[in-house]
Amino acid sequence: MLRALVDAAERFRREGELPPTGYKPKVPKWIVNLEKGRPYLEGPYTQKEVRAFLAPDRQRSGTPSKKNLKPYLLSDDARYALGKAEPGKEEEARLLHEGFLTLLEEAHRETGLLELAQLLAFLKSSDVEQIRERVGPRDLVQFRVEGKNLTEDGAVQAFWSEYLARELMAKNRAYCSICGKEGPVLRILPREVVVLGQKCQVSSFNRDAFTSFGKTQTENAPTCFTCGSDAVDALDYLIRAERHRRALVSNPEASGLENQLAVFWLDKKVELSYEDQTYDLETLLGSVLDNAGGQTGPPAELSQLDSLLAVPWTARTSALNIDQSCFYLAVLSANKGRMVVREWFEASVGRLRENLRAFLDGQRIVGPLGEEPQVFPIPALLDALKAGDPNLTQDLLRAAYLGLRPREGLLGVALRRFRNPRVLQNHRALHPLAALLKLALTYEREEVKSMERLDSGRNEPAYLCGRLLAVLEEAQQRASGWSLNSTLTDRFYAATAAAPAANLALLLARAKVSHLPKIRREGRGYREIEGFLEEILSYLDAQQGFPSILNLKAQAEFALGYYHQRAEFRRKS
């Protein structure tokens, strides 16, 4: 994964997306302007009022001391930048500001920039006091000299990169675990990344059991400065860029480990050309991870992907072989300041295309009211399960992108949700659950197409029993004039899905006595109900009647039979 991130950094820098080494976007609250030696203060700004600046950044933790001073060059909070003290911490502010000035002096010596000299002169003058009085100790302060943002100067950026390399290198030499070259390696990585609101180290060693040969911290997974900083910069960009990230599970009340963020990218940017339209392949491949956000249909990009999977892919640039492009995906969680990689894989686009087609075909199913068959992105499927189990995310990702059949555990969780009476009456929750059951049952099997909607020729006993329960429920509803808030399904679905023989004969007898005569008498579609009963019971007689007990797969057949038959009734009504 680190090697792929280093390669990604090269692509993103070529495309102008990645900040300079050791930089990240920051939004200052105050901007101190120096023009002809006279200072004036801009602000306070909110994040919406001013654009983010690319500014130096580094990992900073622990209590500040003479041995633990880590100022950011030219852009820092007011304790460092101006010596603004928090109540009772005057000595600490003096120490932090001294470290900021020392770093500025070093930058001035190495770059020779006159603007740095101007800034130093101001910070050491009494003029700084009028600025210091107006800002808060933790406010982020940026400096601009003669209209120039010094953090954007190439010489300053080169100095910051070299300074970090000197600061972070270990004494020992080793082979870099990414590029394989021998040389100085990092003692700690340049900075953290922010995963779902938590600052995290990309790699860390917090127990002696994880270390070896007396090495400390990142020396146990040696990386040179270039590879380490490129990997962190690329991952930080992927996490921040809307184009490359999707929240798979985001529950503010859940633990950090339960929430999951996916980042994905291609080894190169690819644009597809089809019928005079151009499509961004990276966006299309990521649409499987889109959050539908409560909308009824699938996200627009997922519908486009679904359509394009049925036609050959042609790159806008004719020399580009799309199938050989490589797709990367990582699923991350945060755990008390440490990054957890829950899933990581890479796959060629050629392989991916076949796998995605099988995944979408496998889950495509008619709506609960008989709407046209629809597919769902993975977050919508996970939300329907309400399970919070990271293994289910892994199952769906591997099915979608790697072509691995979903494990039986997914079927069990989906069935538990499906037989909940409240879910059975909730069409929005029921549809993705039915899609999951179909995916688990028919993935890469012949019936993947016929099971999109009611298959009246299917003679699986469990499927027929599910259909029969839906017909009996419809008979009850018609007999009542569709006035019932609760039907026999609410009471008998779970028991009947597990042991059809114990319940269906009883429900059938009750319908013949209580519901069917009334439907016939009041002209509410008796012949249609009678036709379905005769068809289903004749198939079941040929299959030796009602099965006694159903295993998990048979229960999924039962659920789909019930769902399909009920959707068919709703479509006609």
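Mentor: Let's begin with L18, which counts as buried at 10% relative accessibility; buried means under 20% relative accessible area, exposed means over 50%, and partly exposed lies in between (1.4 Å probe, protein chains only). Before going on, note that this is a predicted model, in which local features need pLDDT of at least 70 and side-chain atom pairs count only at pLDDT 80 or more, while totals for chains, interfaces and linings use all residues. Residues are numbered from 1 along each chain as its sequence is written, and side-chain values use heavy atoms, with hydrogens and water left out.

L18 sits in the loop between α1 (2–14) and β1 (23–26). The names follow DSSP runs, numbered from the N terminus: helices are H or I with at least four residues, strands are E with at least two. Leaving aside neighbours within four places in sequence, L18 is in contact with A9, F12, R13, D233, A234 and Y237, where contact means heavy atoms within 4.5 Å.

Apart from neighbours within four places in sequence, N259 contacts L196, V249, S250, N251, A254, L332 and S333. In the loop between β3 (38–42) and β4 (53–56) you will find P44, which is joined to G43 by a cis peptide bond with omega about 0°.

D276 is not a glycine but has a positive phi of about 65°; D276 lies between β14 (271–274) and β15 (277–280) and counts as exposed at 81% relative accessibility. E444, in the loop between α15 (427–442) and α16 (461–479), likewise has a positive phi, near 60°, and is exposed with a relative accessible area of 55%.

Now to the helices. Two packed helices are described by the angle between their axes and the distance between the axes. The axes of α3 (residues 90–111) and α6 (residues 154–168) come within 10 Å and cross at roughly 120°; axes are lines fitted to C-alpha atoms, for helices over the stretch in contact, and angles run from 0 to 180 degrees between N-to-C directions. On the α3 side, L103, E106, A107, E110 and T111 meet A155, V156, F159, W160, E162, Y163 and R166 of α6. By class, this contact has 7 nonpolar, 1 polar and 4 charged residues; Ala, Val, Leu, Ile, Met, Phe, Trp, Tyr, Cys and Pro count as nonpolar, Asp, Glu, Lys and Arg as charged, and the others, Gly among them, as polar.

Helix α12 (390–402) is largely enclosed by the rest of the structure, because 10 of its 13 residues are buried. Among the buried residues are D395, Y401 and L402. At 1.5 Å a residue α12 should span 18 Å, and its end C-alpha atoms, 17 Å apart, agree; the expected span is 1.5 Å times one less than the number of residues. D389 caps its N-terminal end, with a side-chain oxygen 2.9 Å from the backbone nitrogen of N391; a polar contact is a pair of N or O atoms within 3.5 Å, and within protein one must be able to donate a hydrogen and the other to accept it, with residues adjacent in sequence counting only if both atoms are side-chain atoms. Just after α12, G403 takes a positive phi of about 80°.

In α13 (residues 408–418), the buried residues are L410, L411, G412, V413, A414, L415 and F418. Those residues pack against several helices, including α12, α15 and α20.

Helix α20 (residues 552–572) should span 30 Å over its 21 residues, and its end C-alpha atoms are 31 Å apart, which agrees. Of those 21 residues, 16 are buried. N551 caps the N-terminal end of α20, a side-chain oxygen lying 3.3 Å from the backbone nitrogen of K553.

Finally, R467 in helix α16 counts as buried at 0% relative accessibility. Not counting residues up to four places away in sequence, R467 touches L454, D455, S456, F532, E535, I536, G561, Y562 and Q565.
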